[in-house]
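Let's take a walk through this fold together, one piece at a time.

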Amino acid sequence: LQLGVALKQLLITNQVQRQDFILQTKLAPMENAEAFRAGLETSFRNLQVDYVDLFALHGCNMPHQYDWVFGEGGCWEVVQEYVKAGKIRNVGFSTHGPPDLIRTFIETDKFDYANLHYHYFGSYTASGCGDYLGNLGNVRLMNEKDMGVFVISPYDKGGAVYMPSKKLLSLTLPELEPMAFGSAWLWNHHKMDAQGAAIHTIVCGAARPSDLDLPAVAAYLHATQPEEMLDKVKTVTARLGAAKEDALGKEWLKTCYKGILKSNQSKFCVEHNQIIWMYNLIQAFGLWEFAKNRYGSLESNLSKWDKSESHEENIAKNLGGWGFVPGLPNEEGVDYSDDFTCVPEENVKRVLEAEEFVRFWCTKPKKDDEKQDEKKESDEDASAEPKEASPPSPPPEWTTAYDMRVWPDFPDRPQRSQ
């Protein structure tokens with residue numbers, strides 16, 4: 001709504017022409033095509049434009065959404081009406097889904113582009129999937145099909161590089177700040193990928209003008225000093241790779257995701273792939289704060305989970321949210337051996353240690369009232385097992401080097417702990 005008002009003012013005062021900017025809007029698939037049509041109409045009404053350059057079916061994260069889009073009388077038929085009327089120029093989809101589902105959408109040959117997660121530090125919820133390479137296979141397939149590769153959230157879900165750990169900062173400097181590296185690695189992807197797959201667009205979320213400073217400087221240097229920037233990216237990439245091998249070992253890096261299940265494959269709905277990813281990021285780059293945030297999303301799902309109901313019933317309560325942030329965390333004392341039957345025997349011990357490491361270091365501290373409840377239960381049950389101690393202070397290299405998040409600058413936002 002705010003964007004629509006701003007665009008209208010710029011257009012009617014001739015400060016910009018409509019052809020001067022590329023505008024994207026997104027709308028989630030719906031089971032009811034008429035409700036979807038109404039949502040599209042609302043979007044156009046709020047934007048106050050005659051057409052959008054890019055329209056994405058938003059959050060194509062779960063298999064049933066494919067049916068909502070392409071089933072008889074589904075959303076796709078509505079989208080095509082708008083395309084024929086000239087109101088939508090290019091059609092894509094956005095996704096946090098597993099790589100095999102993303103591939104299913106790509107292979108329809110109906111889309112011009114896709115918004116997806118793919119970064120140096122992983123593919124967010126798809127990390128460790130897709131032959132263990134996350135969304136790389138999909139990026140390559142999109143290039144083969146001449147689709148636009150539109151990478152989302154390179155600075156947030158790509159490692160929270162706006163608040164890097166001291167270790168990560170030491171590994172990217174002096175050549176590049178972590179945010180600049182995150183951008184430049186994507187922009188130079190086609191020059192480093194074995195199949196030459198290109199990344200065409202990245203998105204930068206900004207809450208204030210200064211949030212664009214580092215991305216803008218990186219873009220300027222990429223445009224004006226391309227060879228020098230490529231050399232810097234290669235140098236930093238090699239240094240990061242050496243740090244991974246030093247911290248984790250070559251063999252683990254080759255096999256750590258083998259047999260590891262995603263929540264939609266897990267008997268317990270545990271997002272094992274992300275938990276192993278978090279372990280690797282902490283050990284290699286000290287991305288503890290990032291891993292805590294990601295693990296916290298799994299804990300949030302667990303807090304709403306009713307163990308008396310089936311997986312399907314629990315997920316149905318919050319379909320949209322689960323698709324974007326799927327899975328549960330590993331819990332203390334639960335035997336997950338049924339989920340590890342395809343893990344190589346020589347890896348099982350380390351996988352268990354890795355998951356326990358993440359649970360120990362990333363579990364949110366209990367609130368005072370929760371502690372009091374536990375103490376009361378313990379007092380009432382003299383035979384209760386002693387509770388696990390809270391994690392000690394993290395190693396200095398895991399701590400945050402600097403934090404560029406905006407909310408401490410606004411009086412209506414909660415202050416984060418220092």
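**Starting from the sheet**

Look for the open sheet: 6 strands in the order 1-2-3-4-5-6, with parallel pairing. Helices and strands here are DSSP runs numbered from the N terminus, with helices being H or I of at least four residues and strands being E of at least two. Two strands count as paired if DSSP finds at least two bridges between them. At the edges you'll find strand 1 (24-27) and strand 6 (201-202), each pairing on one side only.

Before going further, a word on where this comes from. It's a predicted model, in which local features need pLDDT of at least 70 and side-chain atom pairs count only at pLDDT 80 or more, while totals for chains, interfaces and linings use all residues. Residues are numbered from 1 along each chain as its sequence is written, and side-chain values use heavy atoms, leaving out hydrogens and water.

Back inside the sheet, strand 3 (residues 88-94) runs parallel to strand 4, and the two are joined over 3 bridges. F93 sits opposite A114 of strand 4. Helix 4 (residues 75-84) packs on the sheet and touches strand 2 and strand 3, its direction making about 150° with that of strand 3. Contact means heavy atoms within 4.5 Å. As for the angles, they run from 0 to 180 degrees between N-to-C directions, and axes are lines fitted to C-alpha atoms, for helices over the stretch in contact.

Another helix to find is helix 6 (residues 136-144), lying across strand 4 and strand 5 (148-151) and running at about 145° to strand 5. Which residues of helix 6 are buried? They are L136, N138, V139, R140, L141 and M142. Buried means under 20% relative accessible area, exposed means over 50%, and partly exposed is in between, with a 1.4 Å probe and protein chains only. The cover over those buried residues includes helix 5, strand 4, strand 5 and helix 9 (189-192).

Most residues other than glycine have a negative phi, and most peptide bonds are trans. Now for some departures. Q48 isn't a glycine either, yet its phi is positive, about 60°; look for Q48 in the loop between helix 2 (33-47) and strand 2 (52-57). Q48 is partly exposed, at 33% relative accessible area. D109, in the loop between helix 5 (99-106) and strand 4 (113-116), also has a positive phi of about 60°, and D109 is exposed at 54%. Finally, the peptide bond from L173 to P174 is cis, with omega near 10°, and P174 lies in the loop between helix 7 (166-172) and helix 8 (178-187).

**A helix crossing and the cysteines**

Further along, the axes of helix 14 (residues 288-303) and helix 17 (residues 345-362) come within 9 Å and cross at roughly 95°. The two helices are therefore roughly perpendicular, a label for angles of 65 to 115 degrees; under 35 is roughly parallel, over 145 roughly antiparallel and the rest oblique. W288, A291, K292, Y295 and E299 of helix 14 meet V358, R359, W361 and C362 of helix 17.

How many disulfides are there? The count is 0, a disulfide being a pair of cysteine sulfur atoms within 2.5 Å. The sulfur of C256 has its closest cysteine sulfur in C129, 12 Å away, too far for a bond. For C362, the nearest cysteine sulfur is that of C256, at 16 Å. C256 is buried, with a relative accessible area of 1%, and C362 is buried with 1% too.
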